[in-house]
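Hi everyone, thanks for making time.

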Amino acid sequence: MTVVRYIEANGTEHRVEAENGISAMEAAVKHSVPGIDGDCGGAAACATCHVYVDPEWLARTGPAADGLEKSMLEFAEDVRETSRLACQIEVTGKLDGLVLRLPDRQH
Amino acid sequence: MTALASATTTATEADSLPLDRIDVSRAELFERNVEGDYFRRLRREDPVHYCADSTYGPYWSVTKYNDIMAVDTNHQVFSSEAGYGGIVIDDNIQKGGDDGLQLPNFIAMDPPRHDEQRKAVSPIVAPGNLAKLEGTIRERVCRVLDNLPVGEEFDWVDNVSIELTTQMLATLFDFPFAERRKLTRWSDVTTAEPGGGIIDSWGQRKGELLECAGYFQNLWNERVNLTEPKSDLISMLAHSPATRNMKPEEYLGNVLLLIVGGNDTTRNSMTGGVYALHQNPAEDAKLRNNPALIDSMVPEIIRWQTPLAHMRRTAVADAELGGKTIRKGDKVVMWYVSGNRDETAIDRPDEFIIDRQRPRQHLSFGFGIHRCVGNRLAEMQLRILWEEILQRFTRIEVLREPERVRSNFVRGYANLPVRLHA
Ligand code: HEM
Ligand code: FES
């Protein structure tokens, strides 16, 4: 189990114990973190799982991947250097304590 | 009894043909509401199906949820480009006949041009902007509902669905309100073919679209020089750095894309919801007991209705899909209407269930870089409509079965006779 901390735009924190091997989108959906919808089921094809990776963690998650993830992020709102699609972040032991911030709104 | 009898007949019809003679593009299948039997058979026996001969030439049908997702997210191989025939099975709609008016818009473009234009247009329908329009939209919904007769038969399609969709488009564009039915007409003309009852010739289509172009050019000219830009879509296009230098035909192409995109789709969802609740009285009762379910009912209506039955792509390289080899140049049709009934991806897909756990996991808006930009706008319109319906009427009684539109693209209703109960 790996701890992931999701912080809403208003500051509310959701601390989730996630199974390794699933994505940060799936972990959020399983634990009903509001604001991460995951409409496409994790195919990087809807951008309803947009998150900002805390800058301290960015080196470990890596930036958005070339290809569909980057393209889809281009059409999301308020995209920043630290933006990722949570469905493209795999939960692993090296991400224990990962902090993901949620945008104001997802669509 | 008759409904049961006809269901049996059509199941036999769909099951009795040899696989290679199945052609799901026949518009009359949709008009008769029997396309579902054909798609059920294809999903079971030949989910990526080749039809060698049809009115629209040879084409592939992709019928399962995951295969559709695979095509929709692989825009490098499966192109939307107008030059290959665009995004519907019928190439003619894209060309507008031999001497057609070319109206480029980004739904029928590949990257990088698609991405540039989508980025310019999409902030206009982003939720922040929509919130500003919500008040006006609600007022207009209330006015239409308040003027409906209670206890008397009328047509829901014409009096509510078309009227409201048109009013909402007029609101978005701040279009002269008294002339709003022009918008409906231009939308119909854009997707029409001669002989289908809307236009008689491609020349007529071109003439009417030129009139539309002139009209929108005037609106642009009026608004471009205002120092206090208004918040309607045309003002935003005229003032945004990304779009204010658009060529006139691109401006018109994108205006028409927004009109067509938001017209039949929303209209038929407004009708589909009434019809679905009529067929499922237990769901209607659930909704009446707990109006908060509107939030999950709205996406379920859009899945159940699947207002656009398909989107088409053209392969620009060979590709494997579901064990078949698709060749460069082949026409590939993603049947959303079938993927949304795929029992391997959606639980009890034939049922209308207003409190599904993940109601937005459906294909009606597509996925990938072309995913509908108007999806939240469409949902907002439907949410407001249902909130106001529940305030006013205890029941919308459907008096007879609706007639359906003869189209393999727009999945919709020509009419729906209803009676309201106060
Ligand atoms: C229930 C209502 C609606 C449905 C079912 C619907 C469906 C779709 C579908 C299937 C696509 C193509 C997706 C793909 O190829 O992957 C699309 C794209 C699009 N829709 Fe909608 N739509 C709806 C409402 C609207 C509204 C209200 C607007 C107007 C603001 C709109 C504007 C667009 C535009 C501009 C595109 C092109 C996006 C692109 O190519 O990047 N749609 N829509
Ligand atoms: S779940 Fe759709 S992009 Fe991540």
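This is a predicted model: local features need pLDDT of at least 70, side-chain atom pairs count only at pLDDT 80 or more; totals for chains, interfaces and linings use all residues.

I'll talk about the ligand site, then a strand, then the cavities.

Okay, ligand 1. How many residues surround ligand 1? There are 29, and the closest are His114(B), Arg118(B), Arg313(B), His370(B) and Cys372(B). Arg118(B) has a polar side-chain atom 2.8 Å from an oxygen atom of the ligand. For Arg313(B), a polar side-chain atom again sits 2.8 Å from a ligand oxygen. And with His370(B), an N or O atom of the side chain is 2.7 Å from an oxygen atom of ligand 1. If you want to find the shell by element, the ones giving two or more residues are α6 (113-121), α12 (248-261), α13 (264-279), β5 (310-315) and α17 (375-392), in chain B. By class, the shell has 16 nonpolar residues, ten polar and three charged.

β5(B) is joined to β8(B) by five bridges, and the two run antiparallel. Along that pairing, His310(B) stands opposite Trp335(B) of β8(B). β8(B) has another partner, too: strand β2, residues 59-62 of chain B, pairs with β8(B) in the parallel sense over three bridges. There, Ser61(B) has Val333(B) as its bridge partner.

So, are the residues of β8(B), 331-335, buried or exposed? Five of the five are buried. Remember that side chains in a regular strand alternate between the two faces of the sheet. Here both faces are covered, with Lys331(B), Val333(B) and Trp335(B) on one side and Val332(B) and Met334(B) on the other.

Last stop, the cavities. The count is three of 30 Å³ or more.

Which helix gives the largest share of its lining? That's α7(B), with three residues. Helix α11 (233-239) of chain B also supplies at least two. Among the lining residues are Ile124(B), Lys132(B) and Met236(B), and the lining divides into four nonpolar, two polar and one charged.

That's my tour, so over to you for questions.

Technical notes
Residues are numbered from 1 along each chain as its sequence is written. Chains are lettered from A and ligands numbered from 1 in the order in which they are written. Side-chain values use heavy atoms; hydrogens and water are left out. A residue is near a molecule or strand if one of its heavy atoms lies within 4 Å of it. A polar contact is a pair of N or O atoms within 3.5 Å; within protein, one must be able to donate a hydrogen and the other to accept it, and residues adjacent in sequence count only if both atoms are side-chain atoms. Helices (H or I, at least four residues) and strands (E, at least two) are DSSP runs, numbered from the N terminus. Ala, Val, Leu, Ile, Met, Phe, Trp, Tyr, Cys and Pro count as nonpolar, Asp, Glu, Lys and Arg as charged, and the others, Gly among them, as polar. On a 1 Å grid over the protein atoms alone, a cavity is a set of points where a 1.4 Å probe fits but cannot get out, and a pocket is an open set with protein on both sides within 12 Å along at least five of seven lines; lining residues have an atom within 4 Å of a point. Grid points are joined across faces, edges and corners, and a volume is the space filled by probe spheres set on the points. Buried means under 20% relative accessible area, exposed over 50%, partly exposed in between (1.4 Å probe, protein chains only). Two strands pair if DSSP finds at least two bridges between them.
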